[in-house]
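Trainee: I am new to this structure. Please take one part of it and go through that closely, then show me what else can be read from the model.

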Amino acid sequence: MKYSQLMTQTLREVPSDAEAISHRWALRAGLIRPLAAGIFSFLPLGLRVKQKIENILREEMAQANSHEISMPVVQPAEIWQETGRWNEIGNEMMRMKDRGDRDMCLAMTHEEAVTDLARHLIQSYRQLPLSVYQIQTKFRDEPRSRAGLIRVREFTMKDGYSFHVDQESLDEYYPKMYEAYERAFKRTGLGGSTIAVESDTGMMGGTEAHEFMYLNDGGEDTLLICEKCDYRANRQVATYTRETIGAEDAKPIEEVATPNCKTIEEVAAFLNVPATQTAKAVFFVGLTGGEEKFIFAVVRGDHELNETKLGNAVNAQELRPATDDEIRAAGAEPGYASPIGVQNATIIIDNAIAQGTNFVSGANKEGYHNLNVNTGRDFEADIITDLVAVAEGMPCPNCATNLGSTRGIEVGNIFKLGTNYSKGMNATVLDENGKAQLMIMGSYGIGVGRLLACIIEEHHDDNGIIWPISVAPFQVEIVVLTGKKPAGELEAAEKLYEALQAAGIDVLLDERDERPGVKFNDADLIGIPIRLTVGARGLANGQIEMKLRHESDRSDVALDGAIARVQDEVAKLINGLK
RNA sequence: CGGAGCGUGGCGCAGCUCGGUAGCGCACUAUCUUGGGGUGAUAGGGGUCGCUGGUUCAAAUCCAGUCGCUCCGACCA
């Protein structure tokens, strides 16, 4: 392609509100343009990168014996009603009516659509296992898009789905997809800095899930990582080794005045007890099946509550903090709350509270706490489970080593869905006994645009992007320098350009009438891995100059041998990504 | 949804406090100049100052409302 044909513009300045590195470079290099909040156009350079990424994903899906299909973006409400998600999912789903007043939506994922296909097309266990994928637009009306392509509303996702007759078959297939993902991230240049962690199954439901996280300080997820063993988990699901507590005998409950002691720190200091001996109450209103329910959660004073665990435990689609009025309506006093005597609430407590004894807890009375509060004797819990948000330094659940923490951006995930969708949509096959069985499903996603953004985060310097060759919009850029008295530079460059194309190399020819500095700066900015400079100076000696974007040295190359030399460098760069 | 900020030519910004001819840099067009790391000069084109309403002789500027965008938080496969 010739530079003059690119619909793009490199920018010297970016909107001051573009903060994320990948956002700034993507705008400055002319890869994308915003149209609305979280909605972008891809310009030629950006689209070429996106397509390169997609093709790598296609190749790796083929390795995992998954086959490409394409499903609609606009979907009828019916299939979403079958699985119940029409009501479960809130405003994140974009809904509309067609001319016949039928409820429709923009697909935010495709479990329903693919399950519908499967139930019509798969009748027998003999057809299983089967795996399909698509690379398709999704729309999620995010409450807050941000950071350029990292968090958007309209995006492209590679989403795959597998169908199995039994759990063993899924268990066998899942690691193959896991490996395909590892290969894909390696090939796109994120290999060294992307890890898989155990993750929440969230709105997808299911039994086991992993997220592939690109490690980045600006990431939205907190990850807990054990340096000793291989434990790695998203904070949403991370667990830890609980210390064994020598439970004392229950002592009689006793009310004490604790004026102006609303926080755990204040209470612990005032009563001179460790925070581990206090109980902290946290209040939420959970939405389950369209019904609001007051939730009274209790964790130990030194612990933080994990809302994901709480939401899963009470089976809530949405959680919001309760207001002071709602807390009082349930019979508790904000700042001095106790589960004792609370009405119309789901009381859910962490294991540490259930196992320990003689906690300090509020007295549901302004300025008073109770000593020696005990589960079972003084109040009954509706649910006892793990509610702790694991923090850095807590002991690893496998080996008790102190956990480290880091931030990451989710670029992909894999889920064992089980029968979550086949059940609601009655997707069955006959097994070898002629008996109908719900299909067991897995789902596998990768956000293509987000992956592109992460690649920029990983590969750039002060002058611009440094594309890994596998996803670079072009493998080679030829910069022609024509002086006032052209001496055949342009002709030589065009000849080289055509020869490289004939050799199967992706080439960009910058033939614009611009000064050298402009062309060099643009070349650095858009980040093509191999730059060839054709100028009168070298041409007189039958030479051109070659420079790799990630290196600072330049070298002269004989024009005759240039093609072979470029092919050599391309091969080397690709090998570097394996 | 809570907090903060911003909407003035394609981009970056000034002007607003104290109402009175809409400005600067980049980009764009033309001519000249320069020609291996964002040359220099001259002359141009391009803006309902987000929108609506109000105050006023007069509104980019003051007031109210509204829409949009960004950042922090909540939220989120």
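Mentor: A polar contact is a pair of N or O atoms within 3.5 Å; within protein, one must be able to donate a hydrogen and the other to accept it, and residues adjacent in sequence count only if both atoms are side-chain atoms. The model is predicted, so local features need pLDDT of at least 70 and side-chain atom pairs count only at pLDDT 80 or more, while totals for chains, interfaces and linings use all residues. Residues are numbered from 1 along each chain as its sequence is written, chains are lettered from A and ligands numbered from 1 in the order in which they are written, and side-chain values use heavy atoms, with hydrogens and water left out.

Start with threonine 109, whose side chain makes a polar contact of 2.5 Å with the side chain of glutamate 111. Threonine 109 sits in the loop that runs from strand E6 (103–106) to helix H5 (111–121); helices (H or I, at least four residues) and strands (E, at least two) are DSSP runs, numbered from the N terminus. Its relative accessibility is 4%, and therefore threonine 109 counts as buried (under 20% relative accessible area; exposed is over 50%, partly exposed in between, with a 1.4 Å probe and protein chains only).

Aspartate 101 is exposed, at a relative accessible area of 54%. Its phi is positive, about 65 degrees, although aspartate 101 is not a glycine. Asparagine 65 is another such case: it is a residue other than glycine with phi near 60 degrees, placed in the loop between helix H2 and strand E3 (67–68).

H2 itself covers residues 44–63, which is 20 residues, and reaches 29 Å from its first C-alpha to its last. Its buried residues include Leu45, Val49, Ile53, Leu57 and Met61, and also Lys50, Lys52 and Glu54.

Past H5, the loop to strand E7 (130–139) contains proline 129. The peptide bond between leucine 128 and proline 129 is cis, with omega about -5 degrees.

Now to strand E17 (residues 346–350): 5 of its 5 residues are buried, so E17 is largely enclosed by the rest of the structure. In a regular strand the side chains alternate between the two faces of the sheet. In E17 one side carries Thr346, Ile348 and Asp350, the other Ile347 and Ile349, and both faces are covered. E17 runs parallel to strand E15 (residues 291–300), joined by 4 bridges; DSSP must find at least two bridges for two strands to pair. Within this pairing, phenylalanine 296 is opposite isoleucine 347. E17 also pairs in the parallel sense with strand E20 (residues 383–385), over 3 bridges, where isoleucine 348 faces isoleucine 383.

A residue is near it if one of its heavy atoms lies within 4 Å. There are 50 residues around the RNA strand, and Arg140, Arg144, Arg151, Met157 and Glu545 come nearest. Of the atoms of RNA strand B that come within 4 Å of the protein, sugar and phosphate account for 50%. A polar side-chain atom of arginine 515 is 2.3 Å from a base oxygen of RNA strand B, and one of glutamate 13 is 3.2 Å from a base nitrogen. Alanine 37 places a backbone N or O atom 2.9 Å from a phosphate oxygen of RNA strand B. The elements that give two or more residues to this surface are strand E21 (404–418), helix H14 (516–526) and strand E29 (530–535). H14 gives the most, with 8 residues.

Definitions and conventions: Expected span 1.5 Å × (residues − 1).
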